[in-house]
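Subject: Structure handover

Hello,

Here is the structure for you to take over. My notes on what was found in it follow below.

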Amino acid sequence: MVNLALPPLREELDLLPAPTAPDGSPGWTLHDPANNRYYLLAWPAFEILSRWHLGSVAAVLEAVRRETTLDATETDLAEVTTFLQRNFLLDLPSAAGTDYLVAAARARKLGGATWLLHNYLFFRVPLFRPQRFLDATAPLVGWIYTKVFLLVALVAAALGLYLASRQWDLFAHAFTAYRGGEAIFALWCIIPLAKVIHEFGHAFTAHRYGCRIPAMGVAFVVMTPMLFTDTNEVWKLTSRRQRLAVGAAGVLAELILALAALWAWLLLPDGPWRGAALMLATTTLLMTIALNASPFMRFDGYFFLSDLLGIPNLHARSFAFGRWWLRERLFGLKAPPPEPASRGRRRFLIGFAYAVWAYRFSVFIGIALLVYHYFFKALGIFLFGIEIGWFVLLPFYREGADWWKMRDRITLNFALFTTLLLVAGFIAFLVVPWQGDVAAPGVLLPAREQQVSAPRGGMLLQTADDGTAKVRRGELLAKLQVPELEAQIKKAGTSAAISAWQANRQSFDPQLLSQGMVPQRRYEVDRSEQAGLEGERNRLTLRAPFDGTIVARNDEIGPGVWVSAKEPLYLLADTAANRIDSYVGERDLKRLQPGARARFLPDASEFGPVSCTVADIDRVNVPEIDDPMLASSSGGPLPTRPDARGAQIPQTPVFRVRLDNCAPHTVPLVPLRGVVHIEAQKQSLLGEITRNAAALLVRESNL
């Protein structure tokens with residue numbers, strides 16, 4: 001063994017006891033007060049560091065072997081030395097040491113643009129040092145940590161929830177009652193107060209256990225301000241229960257505030273402040289808990305779960321297990337796990353790693369879209385690319401680089417053969433043109449359908465029999481009478497009779513003869529008016545325009561009932577034949593041809609599939625959707641927006657495809673919504689993705 005001298009440690013470093021490790025071995029924490037950082041040490045590292053003053057490799061290793069049951073090796077000591085050097089925990093007074101520190105500082109220093117790219121999504125602004133305030137006010141809040149307060153809070157919560165349940169309908173629907181500016185102002189005042197209470201919950205609890213709080217301030221997450229409290233000193237606590245208490249204190253403080261808000265809602269009169277109390281007790285609290293209690297990001301929930309399980313650096317250690325498991329499944333390397341762990345803990349860490357990755361992937365995609373829309377387009381596209389590249393693509397690249405480095409260890413085995421087979425299958429899935437149909441929303445309708453409405457307001461003299469379902473063309477459906485129209489017809493008939501008498505007597509009456517053609521013209525006008533009014537009366541007799549079925553009728557109509565103009569009376573449909581209208585996007589339009597086979601699958605599966613052929617394809621996008629049940633405002637699949645007339649305007653270009661020759665020919669009494677699978681020119685999934693990406697690029701770049 002080479003007896004090398006060890007570099008000295010920095011004098012201000014502290015070794016503090018830490019909670020016992022899961023295997024029962026003692027734990028210790030190394031505190032660097034200059035950087036306010038804490039490093040959790042395993043038992044071997046602590047034993048080596050506690051004898052570092054012996055000055056040489058041989059002396060330290062000999063002392064560890066003699067005084068403990070550990071069989072420390074030079075490798076163990078080299079790992080500890082590397083750890084100390086990387087974290088700048090060694091005292092390097094020589095010129096070489098100074099040069100090393102200067103070089104390390106320069107390497108870690110970022111340029112202005114690089115710093116901005118790394119920090120514009122998250123940065124902290126300390127606002128004040130709360131230690132004196134906590135020292136002065138801690139005795140005033142000590143009663144909150146008593147068992148009496150806990151008991152009172154539990155009783156108040158149970159009673160408040162009971163009273164709220166007694167008026168649950170009012171509680172559940174009260175949100176819409178408070179929309180004014182006063183309610184918004186109240187929320188702007190109360191929600192920041194809730195966040196301040198959250199942070200002081202952490203601060204007072206950590207102070208209670210003897211921790212120093214160096215700073216409180218505002219952290220900006222995607223340009224959104226969020227309060228923070230520096231509670232790093234909780235790492236010096238030896239009790240896991242105390243660490244859990246500090247981690248949960250913020251959420252518990254907001255739960256207490258929510259309880260107070262619930263009672264405020266129960267006691268306050270109606271008004272904006274009552275609405276603000278309701279919002280604070282429900283929506284805001286739930287969002288806060290969902291954010292702070294999530295273990296997938298490094299918020300309160302992560303540190304709480306880490307302390308609860310006794311697994312420091314939970315994310316990093318679970319990620320190591322996740323990568324190890326993936327490499328074993330892909331390449332069968334037979335490598336040992338990153339660290340010793342029971343089978344149950346190993347499975348948890350692997351599952352937790354993939355849950356975190358899936359959650360972060362969705363969050364990072366959301367952040368990328370947010371920054372894209374948050375800034376002007378040129379900067380938004382640039383930042384979107386940075387986010388996708390840094391947070392999404394770079395981890396894949398680094399993992400691929402690690403695979404390349406270990407290529408010498410990868411040999412052909414069952415795992416690798418399975419991986420190659422899956423990769424080949426996936427590539428074939430992407431490039432082989434197997435997509436031979438187009439799926440489009442559609443609706444099954446009668447071949448003809450017409451609504452029968454009252455042409456003008458009047459009284460019904462006769463209606464179709466209530467038991468009538470089938471009607472023949474020309475069959476009477478309804479007959480109306482309009483007294484005003486009858487009076488006009490009678491008046492016009494009288495006027496026409498007088499005009500006819502005058503025209504017939506003109507040759508015998510000198511006075512009429514002197515009027516020339518006026519009596520004849522007056523007679524023609526009166527006859528025309530009379531004929532028009534009689535035609536209007538004939539329109540009040542409504543008959544079936546075709547053979548069909550009355551599929552809907554106005555239940556309030558009957559002889560003697562007055563109806564208004566345009567009031568619907570019947571819905572008549574030709575159910576002997578049917579048709580299907582479907583709507584496709586612009587990219588699928590060119591793949592369709594008339595005469596292609598199609599299959600309609602209704603949402604109501606009890607009606608069964610319908611086979612059809614393509615009869616007609618619109619080459620101009622439809623200006624509005626004629627079938628309301630397909631519009632998104634009615635729960636349909638087509639994204640639409642209503643215009644001033646209430647018509648459903650599609651938000652993207654869609655084209656109508658009409659299907660006929662459908663079998664079976666029968667039609668349900670109500671239209672059926674479903675999905676149409678239309679035979680189309682085959683294409684590959686990769687080609688579709690490429691076209692969609694190109695279309696998105698062209699659309700977003702305004703080319």
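A disulfide is a pair of cysteine sulfur atoms within 2.5 Å. Please keep in mind throughout that this is a predicted model.

The disulfide

Over the whole structure, the search turns up one disulfide. Its partners are Cys612 and Cys662, with 2.2 Å from S to S. The link between Cys612 and Cys662 is right-handed, with 115° about the S-S bond. Cys612 belongs to strand β16 (residues 610-617) and Cys662 to strand β19 (residues 654-663), so the bond ties together parts that are 50 residues apart in sequence. Cys211 is another buried residue, at 3% relative accessibility.

Around strand β19

Asn661 is in strand β19 as well. The phi of Asn661 is near 50°, which is a positive value in a residue other than glycine. Asn661 is exposed, at 59% relative accessible area. Further on, a cis peptide bond connects Ala663 and Pro664, with omega at about 0°. Pro664 sits in the loop between β19 and β20.

Strand pairing

Strands of a sheet pair through backbone hydrogen bonds, either parallel or antiparallel. Which sense applies to strand β7 (residues 435-453) and strand β20 (residues 672-683)? These two strands, β7 and β20, are antiparallel, and nine bridges hold the pairing. Leu444 is opposite Leu672 of β20. Strand β7 also runs antiparallel to strand β14 (residues 568-585), to which 11 bridges join it. Here Ser453 has Pro568 of β14 opposite.

There is also an open sheet of four strands, in the order β11-β10-β8-β13, with antiparallel pairing. The edges are taken by β11 (541-543) and β13 (562-563), each of which has a single partner strand, so one side of each is left without a neighbour in the sheet. For β13 that partner is strand β8 (residues 458-463), and two bridges make up the antiparallel pairing of β8 and β13.

The loop between β13 and β14 holds Lys566. Lys566 is not a glycine, yet its phi is positive, at about 70°. Lys566 is exposed, with 66% relative accessible area.

Helices

Helix α10 covers residues 240-267, which is 28 residues. From the first C-alpha to the last, α10 reaches 40 Å, close to the 40 Å expected at 1.5 Å a residue. Where is the kink in α10 centred? The kink is centred on Ala249 and amounts to about 50°. At the start of α10, Ser239 places a side-chain oxygen within 3.3 Å of the backbone nitrogen of Arg241.

Helix α14 (residues 314-331) contains Arg327. The side chain of Arg327 makes a polar contact of 3.4 Å with the side chain of Asp402. Arg327 is buried, at 16% relative accessible area; the cut-off for buried is under 20%.

Thr419 is in helix α17 (residues 414-431). What lies 2.9 Å from a polar atom of the Thr419 side chain? The backbone oxygen of Ala415 is found at that distance from Thr419. An α-helix has 3.6 residues a turn, so residues three or four places apart point the same way. Thr419 is buried too, with a relative accessible area of 12%.

Aromatic residues

How many aromatic pairs does a search of the whole structure find? The search finds 15 aromatic pairs. Phe296, Phe348, Phe352 and Tyr359 are linked by ring pairs into a cluster.

Where to look when you open the model

For the disulfide, go to Cys612 and Cys662. For the kink, go to Ala249 in α10. For the cis peptide bond, go to Ala663 and Pro664.

Regards

Key: Residues are numbered from 1 along each chain as its sequence is written. This is a predicted model: local features need pLDDT of at least 70, side-chain atom pairs count only at pLDDT 80 or more; totals for chains, interfaces and linings use all residues. Side-chain values use heavy atoms; hydrogens and water are left out. The expected span of a helix is 1.5 Å times one less than its number of residues. The bend at a residue is the angle between axes fitted to the seven residues ending there and the seven starting there. A polar contact is a pair of N or O atoms within 3.5 Å; within protein, one must be able to donate a hydrogen and the other to accept it, and residues adjacent in sequence count only if both atoms are side-chain atoms. Buried means under 20% relative accessible area, exposed over 50%, partly exposed in between (1.4 Å probe, protein chains only). Two strands pair if DSSP finds at least two bridges between them. Rings of Phe, Tyr and Trp (its six-membered ring) pair if their centres lie within 6.5 Å; planes under 30 degrees apart count as stacked, over 60 as edge-to-face and the rest as tilted.
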